[in-house]
Amino acid sequence: MFRKITIIGVGLIGGSLALAIKKRKLADEVWGFFRRESSRKLAERKKIVDKGTRDLKRALSSSDFVILATPVSTIISLAQEMRRMLPPGVLVTDVGSTKVKIVNALQKLFPKYVGSHPLAGSEKRGCNHAVSELFENKITIITPTSRSDKSSVTAVRRFWKHLGCKVISMSPSSHDRILSQISHLPHIAVFGLLNAVNDDCLKYATSGFLDTTRIGASDAGLWLEIFKNNKYNLLRDVNKYITWLYRYRRLLQKNDFKNLLKYIQQASEKRRSLR
């Protein structure tokens with residue numbers, strides 16, 4: 001599909017993208033841009049990218065598709081830095097976990113920009129954990145707007161489909177509203193749960209607790225930026241969650257186990273429907 005794809009930020013997602021692109025032969029070359037020399041050497045040694053560099057201009061040179069895969073806190077500033085280095089015909093996307101702020105900024109910078117968010121990942125970080133199969137049978141949301149170039153939307157959609165994704169298109173605001181419920185709220189809930197558990201009890205934790213709290217090992221700084229960028233949706237959903245916790249507490253206080261059972265069963269049925 002492309003001569004040269006450049007991935008800006010070769011961590012877990014960026015590294016997995018590079019491996020998936022190479023596995024499916026979607027580009028003649030896959031380049032990576034790195035901030036740290038140690039990460040560049042690791043990615044080249046493990047053949048995650050064909051070539052890595054800490055020189056942004058060199059990374060972008062002759063590229064016909066650029067993917068911003070850095071944390072949401074740096075996507076906009078890097079895009080602004082890239083603007084003077086990229087000709088207008090270059091296709092650009094990002095894989096940020098929030099979209100409204102990023103899309104509003106990047107569509108003003110690049111005529112052929114389309115936002116993306118693959119719903120795939122891990123609590124692990126770094127290209128050392130990258131896997132080529134990360135995106136297979138996963139949903140990727142793309143977030144075109146009324147000003148998006150139609151051929152660019154088609155190209156980005158085709159790219160994710162070639163990686164094995166089910167591609168869904170929606171507005172940036174719909175994306176942020178939905179992701180608040182299915183990703184951002186669960187993370188803040190697990191962080192709160194872990195804070196609530198006494199340290200001396202943790203040595204007894206087994207599979208149930210470990211499964212429930214797996215995402216609590218995620219990178220704190222990364223999630224702080226996601227929470228900041230989607231603050232208003234998240235506040236609404238945290239308030240809804242608190243309402244449910246108060247409801248459960250009230251039923252326990254009143255010994256109303258009949259209604260407590262009803263709500264537990266409703267939750268259990270909802271979870272089983274996801275299989």
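The model is a predicted one.

Start with helices H4 (residues 72-83) and H5 (residues 100-109). Their axes come within 10 Å and cross at roughly 5°. Angles under 35 degrees count as roughly parallel, so H4 is roughly parallel to H5. On the H4 side the contact includes Val72, Ile75 and Ile76. On the H5 side it includes Lys101, Ile102 and Ala105. The contact residues divide into eight nonpolar, one polar and three charged.

Now the salt bridges. The structure holds twelve. One joins aspartate 64 to arginine 3, with the closest N and O atoms 3.9 Å apart. Aspartate 64 sits in the loop between helix H3 and strand E4, arginine 3 in strand E1, and 61 residues separate them. Aspartate 64 is buried at 17% relative accessible area. Arginine 3 is exposed at 54%.

Another bridge pairs lysine 23 with glutamate 133, at 3.7 Å from N to O. Lysine 23 lies in helix H1 and glutamate 133 in the loop between strands E6 and E7, so the bridge ties together parts 110 residues apart in sequence. Lys23 and Glu133 also belong to a salt-bridge network with Arg24 and Glu136.

Finish at helix H10 (residues 231-253). Its 23 residues should span 33 Å at 1.5 Å a residue, and the end C-alpha atoms are 32 Å apart, which agrees. Asn233, Leu234, Asp237 and Leu251 are buried in H10. The buried residues of H10 pack against helices H7, H9 and H11. Aspartate 237 has 2% relative accessibility, and its side chain meets that of arginine 236 in a salt bridge of 3.0 Å, N to O. Arginine 236 is partly exposed, at 37%. After H10 comes asparagine 255, with a positive phi near 55°.

Key. Residues are numbered from 1 along each chain as its sequence is written. This is a predicted model: local features need pLDDT of at least 70, side-chain atom pairs count only at pLDDT 80 or more; totals for chains, interfaces and linings use all residues. Side-chain values use heavy atoms; hydrogens and water are left out. Axes are lines fitted to C-alpha atoms, for helices over the stretch in contact, and angles run from 0 to 180 degrees between N-to-C directions. Helices (H or I, at least four residues) and strands (E, at least two) are DSSP runs, numbered from the N terminus. Angles under 35 degrees count as roughly parallel, over 145 as roughly antiparallel, 65 to 115 as roughly perpendicular and the rest as oblique. Contact means heavy atoms within 4.5 Å. Ala, Val, Leu, Ile, Met, Phe, Trp, Tyr, Cys and Pro count as nonpolar, Asp, Glu, Lys and Arg as charged, and the others, Gly among them, as polar. The expected span of a helix is 1.5 Å times one less than its number of residues. Buried means under 20% relative accessible area, exposed over 50%, partly exposed in between (1.4 Å probe, protein chains only). A salt bridge is a side-chain nitrogen of Lys or Arg within 4 Å of a carboxyl oxygen of Asp or Glu.
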